[in-house]
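Reader: Could you walk me through this one before I set anything up? I would like to begin with the strands and then go over the backbone.

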Amino acid sequence: MKKVNVLTITLLALLMVLNPEISNGQRLKAGPQDMTFFSSVDETNQPYALYIPENFDETKAYPLVVFLHGAMSNHRLGLMRVFGQGNIQGKEFVNPNRVTVTTDLEATRSYPELKSVDYIVAAPYARGTAGYEGIPEVDVYQMIDDVKSRFNIDEDRVYLTGLSMGGGGTLHLSMSRPDIWAAIAPTCAAIPTESVEQVSNLSNLPVHIFVGSLDGPEGKRELRDQLIEAGSPVVKYTEYPGIGHNSWEWSYKDGFIFDWFSQFERNLYPDEVKFTSALYKYDKAYWVTFDKLIPGESASIDAKFESENNIEIITSSLDAFSLHIEDHPQFNANEKVTLVVDGQTLAVKSAGTLSLSKSDNEWKNQRFTPELTSKQKGAEGPLFEGVASNHVYVYGTEGNPSAEELEARKQAAINAADFAAYREMMGRIMIFPRVISDKQVRQSDYETSNLILFGTKETNSIIAKYADELPLHLDADASDYSLLYIYPMNGHYLMINSGISWWDLPGESDSGMVSNLSELRERAASNTRPRIMLNSKADGLKGLKDFILYKGGSDNIVVNGYFDSEWSIPSDKTNELKNSGVITIN
């Protein structure tokens with residue numbers, strides 16, 4: 001046996017010398033192919049399409065193009081689209097004189113030959129027709145991390161593009177995290193509502209907008225004008241005459257987008273940063289970080305180097321921020337930095353990070369550190385955040401329910417967990433959260449998941465377990481009411497749905513697209529539940545705040561609000577909740 005082992009080892013060593021690739025393990029082939037990454041959201045392998053250049057050189061840093069597909073499409077079709085490949089035309093087998101075009105299903109079955117480009121290209125499936133917020137958004141960034149773990153990616157040449165739903169996703173992802181991308185190119189985009197106030201976030205990004213003249217281009221023209229006003233370095237706008245929603249057939253033709261992207265590299269240290277955000281999960285742009293936000297308000301900053309070590313800053317609804325300027329070309333560590341913040345002047349000596357906090361309407365050179373109980377990244381709400389990551393739906397078994405009542409509780413949770421509310425109209429949504437009873441919750445669920453809890457402390461043992469720590473409860477006899485709120489617990493969220501399930505509330509079928517942000521704000525301010533285009537049932541939570549109390553139906557809001565920075569109920573909302581006569585406040 002020893003002789004055989006020695007002989008085997010000798011032969012393997014000889015093969016490695018003759019073929020060095022064997023020693024490095026199996027390599028991926030060049031061209032288009034399917035890949036997967038492991039999703040932390042639901043412990044599943046999620047697919048994405050990948051293109052590897054010909055003559056791939058693992059020692060070289062490659063640019064990366066991320067493509068986001070549209071509704072009723074997928075990652076494989078998406079990879080074809082970004083290379084300018086439509087569905088293939090051919091002659092019918094039965095009638096050779098008739099030319100047909102393959103269906104999306106037929107086109108998905110195999111990859112055509114794609115144009116050779118010197119890019120890595122990745123297209124996520126992102127759960128199908130689920131938009132690009134919440135879980136699909138997490139998927140996009142986990143896919144990018146997976147690509148970076150496999151290949152040497154040039155961090156300053158990462159580009160984002162997509163069509164229709166994916167065009168809207170391109171805008172959302174770039175507005176919320178602008179410093180990841182070197183340039184973006186939305187095609188026939190479904191413009192997200194937040195773009196009205198966040199368009200200045202793109203002021204350091206080259207943007208190329210594509211749209212057909214028959215595809216309602218007015219909103220895209222308005223976006224173009226807003227980008228120009230915001231000072232975006234390059235704003236290209238292409239409107240194709242006589243073309244409808246399928247403008248992608250022209251925008252990506254012959255792999256044009258790769259040539260356009262090739263002009264740009266990311267600049268992590270622009271002289272000026274404009275940034276607007278309402279959430280800690282989106283707290284950073286370039287060399288600016290938001291440290292303390294006002295719950296429910298969009299904070300904004302315009303920070304600009306006027307000259308070396310001289311920075312002028314204008315803020316709105318922002319209580320604390322930091323500037324990370326150590327590597328900025330206009331920073332000199334040997335001299336003081338002069339800051340003019342909202343008209344107030346400070347001279348500060350710094351090694352490269354400056355932190356300012358506002359107290360009594362005055363800015364101080366002082367870093368804000370949140371308390372353990374403060375709102376912060378991962379513990380800020382609002383309600384949609386409960387279903388934006390790993391979560392489990394939990395129905396209650398307490399209170400000696402009859403078999404019929406127990407089944408009704410279970411079905412309410414199953415109904416709420418069904419993401420594919422419009423699968424026949426909008427295509428598949430591949431998100432399948434677990435539905436379990438309160439008796440089936442395990443320790444690992446507390447450690448990894450948000451818990452969506454249905455019932456009250458009398459009917460759900462998990463709500464009862466945390467009853468003394470939770471801020472409010474719906475009275476057991478409040479049969480015509482629905483209380484819905486989110487609250488952080490042990491590094492995750494509890495979302496309490498007492499009374500009627502949020503999805504079963506009367507009035508939910510009226511779900512037209514909100515035409516603009518002003519309408520959304522007006523409805524929220526007037527206690528009218530905002531209506532948005534729903535891709536899934538979870539989308540019904542978008543536009544809601546931290547807590548909401550209904551009577552009868554979703555059009556009859558009794559109380560609607562945010563917890564304050566320390567997760568307490570503001571005094572005015574406390575009075576409103578007490579006056580309802582159905583809420584107990586801890």
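**Sheet, backbone and helix**

Author: This is a predicted model, and in it 5 strands form an open, antiparallel sheet whose order is β12-β13-β16-β19-β20. The edge strands of that sheet are β12 and β20, each of which pairs on one side only.

Reader: Over how many bridges do β13 and β16 pair?

Author: β13 pairs with β16, which covers residues 318-324, over 5 bridges in the antiparallel sense.

Reader: And which residue in β16 is the bridge partner of T289?

Author: That partner is S322.

Reader: Switching to the backbone, what is phi of Y286, and where does Y286 sit?

Author: Phi of Y286 is near 55 degrees, a positive value in a residue other than glycine, and Y286 is placed in the loop between β12 (284-285) and β13 (288-293).

Reader: What about W567, what is its phi?

Author: W567 has phi near 60 degrees, again a positive value in a residue other than glycine, and W567 belongs to the loop between β28 (553-561) and α15 (571-579). With a relative accessible area of 3%, W567 is buried.

Reader: Which peptide bond is cis around P382, and where is that proline?

Author: The bond from G381 to P382 is cis, with omega near -5 degrees, and P382 lies in the loop that runs between β20 (362-364) and β21 (391-395). In general, most peptide bonds are trans.

Reader: On to helices: how far does α4 reach from its first C-alpha to its last?

Author: Helix α4, residues 135-150, has 16 residues and reaches 23 Å between those two atoms, close to the 22 Å expected at 1.5 Å a residue.

Reader: Which residues of α4 are buried?

Author: The buried residues of α4 are I135, P136, E137, D139, V140, Y141, Q142, M143, I144, D146 and V147.

Reader: Last topic, the chain as a whole: how many helices and strands does it have, and what share of its residues is buried?

Author: The chain has 15 helices and 29 strands, and 52% of its 586 residues count as buried. The accessible surface comes to about 26600 Å², with 49% of that area belonging to carbon and sulfur atoms. Among contacts between residues at least 6 apart in sequence, 65% join residues at least 24 apart.

How values were computed:
Residues are numbered from 1 along each chain as its sequence is written. This is a predicted model: local features need pLDDT of at least 70, side-chain atom pairs count only at pLDDT 80 or more; totals for chains, interfaces and linings use all residues. Side-chain values use heavy atoms; hydrogens and water are left out. Helices (H or I, at least four residues) and strands (E, at least two) are DSSP runs, numbered from the N terminus. The expected span of a helix is 1.5 Å times one less than its number of residues. Buried means under 20% relative accessible area, exposed over 50%, partly exposed in between (1.4 Å probe, protein chains only). Two strands pair if DSSP finds at least two bridges between them. Contact means heavy atoms within 4.5 Å. Accessible areas come from the Shrake-Rupley method with a 1.4 Å probe; for residues, only the protein chains shown count as cover.
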